[in-house]
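Biologist: I have a two-part structure open on my screen. Please walk me through how to read its pockets, its contact and its cavities.

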Amino acid sequence: MKALPQLALTRVDAQRHTRKWTAGNSFGVILLVTLLACLPLLGAASEPPQTGAIVPPAAASPPDDGQWTMPAKNYASTRFSELSEINDGNVKNLQVAFTFSTGVNKGQEAAPLVVGNTMYIVTPFPNIVYALDLSRPGAPMKWKYEPNPEPAAQGVACCDVVNRGAAFADGRVFFNTLDGHTIALDANTGKPIWNTHIGNINIGETITMAPLVVKGKVLVGNSGGEMGVRGWVKALDAGDGHVVWTAYGTGPDKDVLIGPTFKPHYDMDKGKDLGVTTWPPEAWKIGGGNMWGWISYDPDLNLIFHGTGNPGPWNPDLRPGDNKWTSGIFARDPDTGAAKWFYQWSPHDLHDYDGINEQILLDMTWQGKPRKVLVRPERNGYLYILDRTTGEVLSAKPFGPVNSSKGVDLKTGRLIENPDKKTGTGKVVRDICPTASGLKDWQPSAFSPKTGLLYIPHNNLCMDEEGVEVNYIAGTPYVGMNVRMIPGPGGNRGAFTAWDVAAEKPAWSLKENFPVWSGAVVTAGDVVFYGTMEGWFKAVSARTGDLLWQFKTSSGIIGQPITYRGPDGHQYVAILSGVGGWAGAIVSGDLDPRDATAALGFVNAMKDLKNATTAGGTLYVFRLPR
Amino acid sequence: MIRRVAVLVSATLVLAACQREERDTRPQSALGSGEQPTPVTTLEPGGERPFHTDNKAASFEANAFHMSEGKRLFSWFNCSGCHANGGGGMGPALMDEKWIYGSSMESIHATIRDGRPNGMPSFRDKIPDDQIWELAAYVRSLSGNAPSSAAPQRNDDMMVHPSENRMPDAATLGKSP
């Protein structure tokens, strides 16, 4: 009873906020339409937020050297480039510098890397790595490496056969293959140095994430939350590839690497072996909690931060309990893997809300006090600000339409579920927002310390769900849910929202017809780049969201844009075009839109994508005219 | 007496009218059947060889009971996990006109039993052979390759696609009369 007033208050807050969001969103559209006519009005309406107040920790975001050595740009995961040769004034002149066909027509979710004079690309299955020589005209191929993963792995990859990129460190390129190998290549020659087999496709394990290299360790997690795969994160020795530690996402404390240093902030995460006791007997062994998303690292605190995926199966009736440690976030010591704290975004997740999105590490003043925070646009629809030293939730505001929950109780840290949207066996629940793919899925956002805005590519979808019975058969899907997705409020299936981190509200939001399944990058030139599933590569103003330039690529874009300084000293922007991923599976997998549940229900919302784009796989690199 | 005969005759007639398709409600649970050759291509150097039919194929194909069982098993063995309710996902769509490894009962049976190299697992020794045939018969009905009088009707579950007996007949689809 004591918690009630607090609860009621949070609900009101969430509702009021949703209204604000809608107003902000439509305002953004008006801005776009009346672009030139209202120029003075526009300037006044989009007052740039306080600058300088919010910055990534210096140790996690060293000064920009013009390279791009990891998909998130730096350990703080800002995806912010200090390059400013291309700016909001001249970006309209961008032109193609060169293109390159990856030879693979599946979803291209990877970020290219640029180290010295070389660009590295990893393709979707069969996970070919190309090195392109940027110092020569047309960037010819320096070498390529074909790992030849097992073709059978394609049959256990939940949502297209994607790969989210490689990582560079100490003269080596590290990447993962769909069939569960982590491989280190000599960056100069493309020769393999080591190859460690850590995933087993016969139980449904695949690897799609980009590794992160921290203190001589390659951090890798598995995929398979739709196959009843028990999640883990492993640290492999960057030198020889041996596994240094493994931290599971479910099970007894010793497997999860929970020990004496584990100090979760909220009571709901305290107790012995919660990874076992919050499940029906033995269910944790096939319970998911996979780590297929993003990891950040704070060198000052010596902590890595990573999320955990959805619990399996999706049908929540089959796994009563909080299902630790799924749909949450861990802070761990990178040397030992020992957990420092944990927070669960979605306890007893009802709707496949994986908790694996990117976390941006920032230092900011919060209610008068300097705080080390972690900003997370989460799949369940909330923009969380956590104290990254303790895991305390400072703020959780919806950044789009959410009705599956009614806010976050900041006292207990618990998500307040909406009982009207609770699914179960034999029960059809309609119009649940956001969908299983979340208000935002894996597609990473970018933060500019110049504007204080977080640029979030995301979805605007709702869904109908019906829980059904499901049998666990190792190596086959373990979902137990009929899902069909539909466009969210307003009819636009995607949005690109600039979120004012300090003010906890959107600064502007752009509507997109299809989900924005690409990542974002923002530069000191006040330009933000992202792509659409029709194939447009767009540059918008970091301050106003005005469209400054766009280029139609050969296929839908779901990749991660990057920007770098080329060997000629000039700034370039690169993006992989090639539709696919979960959202684009209808095209890359040639699925049939007459079945609303195809691709776990995503196809129902994407019926017209086959008319808008075709499969592809091409790198585009842009520069200003000489 | 004449009345009795009339009743007897009409009863016989009525019963005769009840001639229904056979329901093999207790299919043999033996594992594996013949190792029938199932080419996955129609390209055969030197001309097409005669097609070897499996005698089981005919008894399962287009049989309402077996297709209905196949539909149940399609969820039971998690086929629906990859192929959804026919539209596909991790695996290809089954309700369209595209067949990677052949559309015959024998080909589909072989696909389920032996697997295929790009991700289709092998269910050999995991699913009783007759149930594989039932699955094959149901898979054909997803794309209109079964008489609408026998194909399964709509689900009790959330309506997710046109029911199998309402699929356009694949035999006549897109062909001139």
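Modeller: Start with the element names. Helices and strands are DSSP runs, numbered from the N terminus. Keep in mind that this is a predicted model.

Biologist: Which helix gives the most to the lining of the second largest pocket?

Modeller: That is α3(B), with five residues. The pocket has contributors from both chains. β29 (481–487) and α5 (581–588) of chain A each supply at least two lining residues, as do α3 (64–76) and α4 (79–83) of chain B.

Biologist: How much space lies in the second largest pocket?

Modeller: About 800 Å³. Its lining counts 40 residues, and those closest to the centre are V468(A), N482(A), S75(B), S80(B) and N85(B). By class, the lining splits into 19 nonpolar, 13 polar and eight charged residues.

Biologist: Now the interface. What is the area buried between chain B and chain A?

Modeller: The general idea comes first. Interface size is often quoted as the accessible area lost when the parts come together. Here the buried area is about 2400 Å², and carbon and sulfur atoms give 53% of that. On the chain B side, N78(B), M90(B) and M158(B) lose the most area to chain A, together 31% of what that side buries.

Biologist: How many residues does the contact take from each chain?

Modeller: Chain A brings 31 residues, and chain B brings 31 residues.

Biologist: Which residues form a salt bridge with a closest N and O distance of 2.7 Å?

Modeller: Look for a Lys or Arg nitrogen within 4 Å of an Asp or Glu carboxyl oxygen. D590(A) and K98(B) make that pair. The rule finds one salt bridge across the interface. Polar contacts there amount to 18 residue pairs, both partners at pLDDT 80 or more.

Biologist: Last topic, cavities. How many are there of 30 Å³ or more?

Modeller: A cavity is space where the probe fits but cannot get out. The structure holds seven at that cut-off. Of its 27 lining residues, C158(A), C159(A), R164(A), E226(A) and W292(A) are closest to the centre. Its lining has ten nonpolar, nine polar and eight charged residues.

Biologist: And what classes make up the lining of the second largest cavity?

Modeller: Nine nonpolar, one polar and no charged residues. Its space is about 70 Å³. The lining includes M70(A), P71(A), G293(A) and W294(A).

How values were computed. Residues are numbered from 1 along each chain as its sequence is written. Chains are lettered from A and ligands numbered from 1 in the order in which they are written. This is a predicted model: local features need pLDDT of at least 70, side-chain atom pairs count only at pLDDT 80 or more; totals for chains, interfaces and linings use all residues. Side-chain values use heavy atoms; hydrogens and water are left out. On a 1 Å grid over the protein atoms alone, a cavity is a set of points where a 1.4 Å probe fits but cannot get out, and a pocket is an open set with protein on both sides within 12 Å along at least five of seven lines; lining residues have an atom within 4 Å of a point. Grid points are joined across faces, edges and corners, and a volume is the space filled by probe spheres set on the points. Helices (H or I, at least four residues) and strands (E, at least two) are DSSP runs, numbered from the N terminus. Ala, Val, Leu, Ile, Met, Phe, Trp, Tyr, Cys and Pro count as nonpolar, Asp, Glu, Lys and Arg as charged, and the others, Gly among them, as polar. Contact means heavy atoms within 4.5 Å. Buried area is the accessible area (1.4 Å probe) that two parts lose on being put together, summed over both. A salt bridge is a side-chain nitrogen of Lys or Arg within 4 Å of a carboxyl oxygen of Asp or Glu. A polar contact is a pair of N or O atoms within 3.5 Å; within protein, one must be able to donate a hydrogen and the other to accept it, and residues adjacent in sequence count only if both atoms are side-chain atoms.
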